[in-house]
Every structure is written in structure tokens, then in C-alpha cells.
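Please open the structure in your viewer and keep the sequence beside it.

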Amino acid sequence: NDPNSTKRPIDLNNSGVNPRDIYDAALRLNLETSYGTWTSITGFNSVEELLTGDGYTFDPFGPFPTNRLGFNFNQSQFLDVQTITQELRFTSPADRRFRWIAGGQIFSTDRFISTGNMLDTGAGVFPVFRTPSTNPANPQLSFLADSQEQFAWAAYLDTSTNLTDQLELSVNVRYDHDRRENTTETPAGFLAFCAPACAEGQVREQTWDDVQPQVVLRYEATDDLNIYGSYGRGFRSGGFNQSGFGTVAVANGFFGVGDVFDQETADTFEVGFRSTLLDGRANLSASAYHTQAQGSYYFIFIAANSTQNLGNINEVEYQGFDVEFNARLTDNFSFNAGFGYTDSEITSFPDPVAVGAAAPLVSDYTLNIGGQYTMPLWSGVEGLVRVDYNRIGDTIFTIPFSAPSLALDATPIARDPVDLVNLRVGLQGDVWSLVAWSRNLLDEEYNSEYSPGGFLFK
């Protein structure tokens with residue numbers, strides 16, 4: 001259960017596949033009038049994705065297919081989603097003392113997902129789509145399937161007023177309304193573990209909504225210094241985990257998770273400044289913030305049915321600051337640096353051992369330093385060398401648990417800081433470039449994900 005451990009080799013006999021078909025189309029129409037601009041944006045998106053791979057525990061011991069459980073899993077997931085969006089907005093002329101944008105959006109989504117484990121007989125993974133496998137070479141052990149219809153809409157009004165030549169006030173508001181209907185498509189034979197709470201054909205409906213105000217006050221102290229303060233509310237809708245997950249989560253000792261995850265809202269106060277230095281060759285900005293969040297998501301992977309799910313943390317407080325500096329030190333050399341610090345604390349949660357702990361997936365700090373050097377080589381062509389350094393501070397991935405079944409994660413372990421170096425070297429002209437690049441140049445080994453139970457993504 002150590003998120004710093006990268007010693008164990010990846011050990012699997014089914015490497016898996018991930019084909020995806022993605023289609024996107026968008027149409028944007030503008031109508032200019034003397035009163036302002038009408039804009040219409042219509043969009044369509046379609047994603048069909050298949051995921052297959054090895055299954056828990058990913059470590060066959062002894063003669064195949066025996067592992068520590070006495071047999072071997074593999075897994076398959078199928079996702080099919082289509083979304084249609086429409087936005088219509090009106091923007092007032094930009095040269096007025098009072099400016100505004102008013103608009104609305106609608107989102108309509110149809111979604112199907114199936115997830116399951118199969119008994120690995122050594123014949124490989126046979127994909128499973130909308131119905132359980134009947135292939136004797138890959139017998140179905142667990143299977144969950146859900147379809148979902150979503151209709152969401154939003155309306156917004158943004159305003160900006162020049163109170164004086166140096167002082168600007170922005171007052172904005174947005175309302176979101178999201179209705180989702182989830183139908184359990186899992187055959188009854190695979191729902192015995194959660195019956196009668198879940199059943200084939202069961203329809204569940206939920207609606208989430210919120211008003212999100214925002215106020216921003218900007219003051220231009222000098223031509224080279226702007227100071228601002230703001231308050232705003234953010235909103236993310238809730239949704240449905242796969243049917244029957246709640247029963248498995250409770251049996252495994254997880255709190256705050258079920259077949260439904262709730263909406264998340266966050267109220268943030270922020271103050272900061274932006275400045276220009278060195279006759280415009282550099283800029284320095286900094287900000288400090290305090291956020292009170294309710295219903296923050298946290299991620300749970302359940303190996304028993306290979307499902308990835310979201311739960312909610314009742315209340316979390318975040319506070320921190322960030323500083324950013326960019327400069328063109330010479331005609332050929334530019335430099336940038338940034339530092340951000342975040343302190344987080346869970347202030348309310350059904351499992352009392354988590355109260356006072358840090359929020360998951362929030363690094364204590366981040367540090368970025370970069371430099372770029374360009375040099376003329378011949379007419380219209382220059383050479384380019386860019387180096388970026390990124391340090392990610394201590395990161396907690398999970399929250400404390402009191403359940404005996406989660407004893408290994410009772411006190412979460414932080415992943416140590418990670419140091420990454422990226423490099424780009426190449427040639428560039430006015431309209432072309434030829435670049436060689438390397439991400440993680442020094443081959444730092446680390447785990448990018450960790451889930452309760454010791455599941456690592458190396």
C-alpha cells in the first residue's frame with residue numbers, strides 16, 4: 001500500500017486493447033448588428049470505446065492460470081456516448097462603459113456503459129459489448145451495464161462596468177439544471193449480490209442544479225500594475241455510478257459512495273495582482289485564495305467488479321497561493337518560473353477518522369522552471385532549445401478509512417515529490433517547425449495513480 005513503490009514489475013498475461021472511434025462536428029454562426037453580436041454554436045460528439053485487459057490481481061503465480069486466488073481474471077469495458085449541444089448568446093459592443101453577454105446552452109446525451117470480469121482460461125480476452133459473454137473460452141464472472149439519458153441546460157449573464165477610468169466591476173451569474181435518467185441494463189442473474197435494492201430494468205432519475213454568482217473588482221493602480229479581488233461559486237453536476245456499486249462499496253467499508261454521487265459546489269475568494277516589469281520585457285503575477293467546497297468528488301476503484309466510481313466528501317477547505325514570473329531576458333533567451341502552494345483539510349465526512357485529513361489528489365506544492373534559447377541559423381530559420389523542470393510536491397491519493405477491510409489504508413501514505421524534466425530541440429521558420437522532444441527526459445519512475453487496496457498505475 002505504498003504509493004512510492006515502483007519496484008514490482010508489471011506482471012500480466014493480457015496486455016489489453018483500447019480502440020476508440022471519436023467523431024466531432026461544430027457549427028458557429030455570427031450575426032453582427034449595430035446593437036451587438038448574436039452567436040450560435042451547435043455541436044455533436046460521439047465516442048465509442050472498448051477497453052480490455054488483465055484482471056485483478058495482475059500477478060499470476062505458478063502454472064497458468066493459477067494466482068493467489070486460485071484463478072485468474074481478465075476484464076472488458078464498453079462505452080458508447082453521443083452528445084448534442086446548442087448555445088445561443090448575445091454580446092454587447094465592446095467600446096461601451098457598460099458591457100454584457102447573455103446566453104443559454106442545452107446539452108442532450110445518450111450514454112451506455114458495460115463493465116465485467118471474465119475467467120481467464122489462457123485463450124486471451126474476448127471483448128464484451130452490450131451483453132454478457134457466452135464464450136466458453138472467456139466465461140463471464142461479473143457484469144454490470146447501464147444506459148443513461150441526460151438533458152441539461154444553463155443560462156448566464158455576464159456584465160462589466162467601468163466605474164472609473166481605473167476601476168472595473170464585473171457581476172456575473174449562471175444557472176445550471178441537469179436531469180439524468182439511469183436504466184439498469186444488467187441481466188438479473190448478475191444482480192444477485194445487490195437484490196432487491198437493484199433489479200434489471202430499474203429506472204432511477206435525479207436532478208441537480210445550482211446558481212453560481214461571481215463578482216470581480218479590478219483596479220488599474222498604474223499602467224504596469226493591476227490589482228483584483230473576486231468571489232465566485234463553481235458547480236459540477238452529480239451522476240450515477242454503475243448499478244449495484246453501492247452494495248459492494250458498503251461491504252468493503254467505503255463511506256460517502258453509492259450508486260449515485262452528488263453534485264459538487266465550491267465558493268472561492270481570491271485576491272491578487274498582475275504587473276509588468278523591465279519596460280514590458282517581464283511580468284509578475286501572484287494570487288491567494290480560500291475555497292470552501294461541498295460534495296468534492298473522490299475516486300474509488302472496486303476490484304470485485306472492476307468498476308471505477310466517484311464518491312463525495314461532505315466538506316473540504318482549500319487555501320493557498322501562487323506566483324508566476326515570465327521574462328524575455330535577451331532577444332534570444334526567455335525564462336519562466338512558477339510556484340503554487342495548497343493546504344487542504346477535510347472538515348466533514350461520515351467516517352470521523354477522515355476529518356482533519358488532507359483532501360485526495362492535491363499536491364502540497366508545485367514548482368515550474370523553464371528556459372528557451374533561440375538562435376538565427378540562416379535566412380528565415382532559427383534553432384530552438386527549450387528545457388522545462390517540474391517538481392510535484394507530496395501528494396495524498398486517498399482518505400483515511402476505519403473499516404477493518406481497509407486496514408492497509410487506514411493512514412494514507414503520501415507519494416514523495418516527483419521531479420520531471422522535459423526537452424525540446426529543433427528548427428523553426430515563419431510557418432513551420434521540426435522539433436525533437438522528450439518528456440521525462442531523466443526517466444523518473446513514479447506512480448501517477450493510487451487507489452485503496454494498493455492499486456498502482458506506474
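In which strand does Val323 lie? Select Val323 and you will find it in strand 13, where strands are DSSP runs of E with at least two residues, numbered from the N terminus. This is a predicted model, in which local features need pLDDT of at least 70, side-chain atom pairs count only at pLDDT 80 or more, and totals for chains, interfaces and linings use all residues. Residues are numbered from 1 along each chain as its sequence is written, and side-chain values use heavy atoms, with hydrogens and water left out.

Val323 counts as partly exposed, because its relative accessibility is 34% (buried means under 20% relative accessible area, exposed over 50%, partly exposed in between, with a 1.4 Å probe and protein chains only).

Now select Phe321, Phe339, Tyr341 and Tyr365, which form one aromatic cluster (rings of Phe, Tyr and Trp, its six-membered ring, pair if their centres lie within 6.5 Å; planes under 30 degrees apart count as stacked, over 60 as edge-to-face and the rest as tilted).

The whole structure holds 16 aromatic pairs. For one of them, select Phe78 and Phe112, whose ring centres are 6.3 Å apart with planes at 50°, so the pair is tilted. Phe78 belongs to strand 3 (residues 73–91) and Phe112 to strand 4 (residues 98–119), so this pair ties together parts that are 34 residues apart in sequence. Phe78 is buried, at 5% relative accessible area, and Phe112 is buried too, at 8%.

How values were computed: Helix = DSSP H or I, 4+ residues; strand = E, 2+ residues; numbered from the N terminus.
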